[in-house]
Amino acid sequence: MLDVAALGELLIDFTCLSTDENGYPTMAAHPGGAPANFLAALAKYGAKTAMLGKVGDDTFGRLLLDTLRRAGIETRGMIAAPDVFTTLAFVTLDARGEREFAFARKPGADTCLSEIDLSLIDEARVFHFGSLSLTDEPSRSATRQAVAYARAKGKLVTYDPNLRLPLWKDLAEAKEQLLWGLGQADVVKISEEEVRFLFGLEPEAGAEHICHTFPVKLVFVTCGADAVSYTHLRAHETTLHL
């Protein structure tokens with residue numbers, strides 16, 4: 001039996017170590033992807049987890065799959081595809097020290113996911129997804145299929161909107177897809193930036209609005225470097241089955 005199965009992006013994060021006199025960065029490669037990071041954290045605490053997604057059958061894809069295995073994450077739901085490259089993310093810092101993202105993803109392997117091992121969802125108590133798999137087809141349809149299946153099977157569904165604006169062709173579409181995700185979840189982890197993008201509200205008001213507007217039972221709103229989060233449990237919800 002699995003505790004959590006997650007669907008989404010597994011990619012390489014290139015982070016800036018230094019820049020030369022012309023501003024060109026020296027970068028280091030690290031495993032990344034919000035759903036994979038979520039599972040890795042859970043696995044460290046002894047949870048049994050599994051990942052569903054797609055990487056390229058290339059050097060980085062093989063490294064990432066090996067990283068999942070070493071972290072104790074089940075990989076039979078992962079596909080290594082020979083016809084697409086593993087997605088790459090490049091993370092730099094602006095003048096204020098804030099992260100800026102650029103992606104090699106046109107397409108990246110994670111957006112090409114269409115095949116899902118539903119047996120992993122059957123085995124799990126919790127199903128987790130994010131928004132990056134909703135940016136493009138066929139991964140959008142695959143995500144919707146997996147979410148519908150998890151809900152039909154009575155699984156607890158958790159969601160991380162994880163807005164990355166450079167990955168969306170249209171902001172109206174981004175808002176539509178992120179709101180769709182809120183309509184599917186029991187538990188949501190959302191940032192203050194995402195709350196403002198979707199609703200124009202501050203974190204505490206945003207948490208309350210989400211619980212009153214969507215079928216979400218529990219909301220966490222994170223506030224970045226302030227290390228503060230607002231939580232809101234929907235009124236009359238006394239038990240959340242984990």
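A salt bridge here is a side-chain nitrogen of Lys or Arg within 4 Å of a carboxyl oxygen of Asp or Glu. The model is predicted: local features need pLDDT of at least 70, side-chain atom pairs count only at pLDDT 80 or more, and totals for chains, interfaces and linings use all residues. Residues are numbered from 1 along each chain as its sequence is written, and side-chain values use heavy atoms, with hydrogens and water left out.

**Exercise 1. Count the salt bridges in the whole structure, then examine the pair glutamate 173 and arginine 140.**

Step 1. The search of the whole structure returns 15 salt bridges.

Step 2. In the pair of glutamate 173 and arginine 140, the closest N and O atoms are 2.9 Å apart.

Step 3. Glutamate 173 lies in helix 5 (residues 171-182) and arginine 140 in helix 4 (residues 139-152), 33 residues apart, so the pair links distant parts of the chain. Helices (H or I, at least four residues) and strands (E, at least two) are DSSP runs, numbered from the N terminus.

Step 4. Check accessibility. Buried means under 20% relative accessible area, exposed over 50%, partly exposed in between (1.4 Å probe, protein chains only). Glutamate 173 is partly exposed at 23%. Arginine 140 is buried at 13%.

**Exercise 2. Find how arginine 196 and glutamate 192 are placed in helix 6.**

Step 1. The two form a salt bridge, with closest N and O atoms 3.3 Å apart.

Step 2. They sit 4 residues apart in helix 6 (residues 192-199), which means about one helical turn separates them.

Step 3. Arginine 196 is partly exposed at 35%, while glutamate 192 is buried at 13%.

**Exercise 3. Identify the buried side of helix 2 and what it packs against.**

Step 1. Helix 2 covers residues 59-70. Its buried residues are Gly61, Leu64, Leu65 and Leu68.

Step 2. Using contact as heavy atoms within 4.5 Å, the buried residues pack against strands 2, 3, 4 and 5 and helix 1.

**Exercise 4. Work out which strands stand at the edges of the open sheet.**

Step 1. The open sheet has 4 strands in the order 3-2-6-7, with mixed pairing. Two strands pair if DSSP finds at least two bridges between them.

Step 2. Strand 3 and strand 7 each have a single partner strand, so they stand at the edges.

Step 3. Strand 2 and strand 3 run antiparallel, joined by 8 bridges.

Definitions and conventions:
The expected span of a helix is 1.5 Å times one less than its number of residues.
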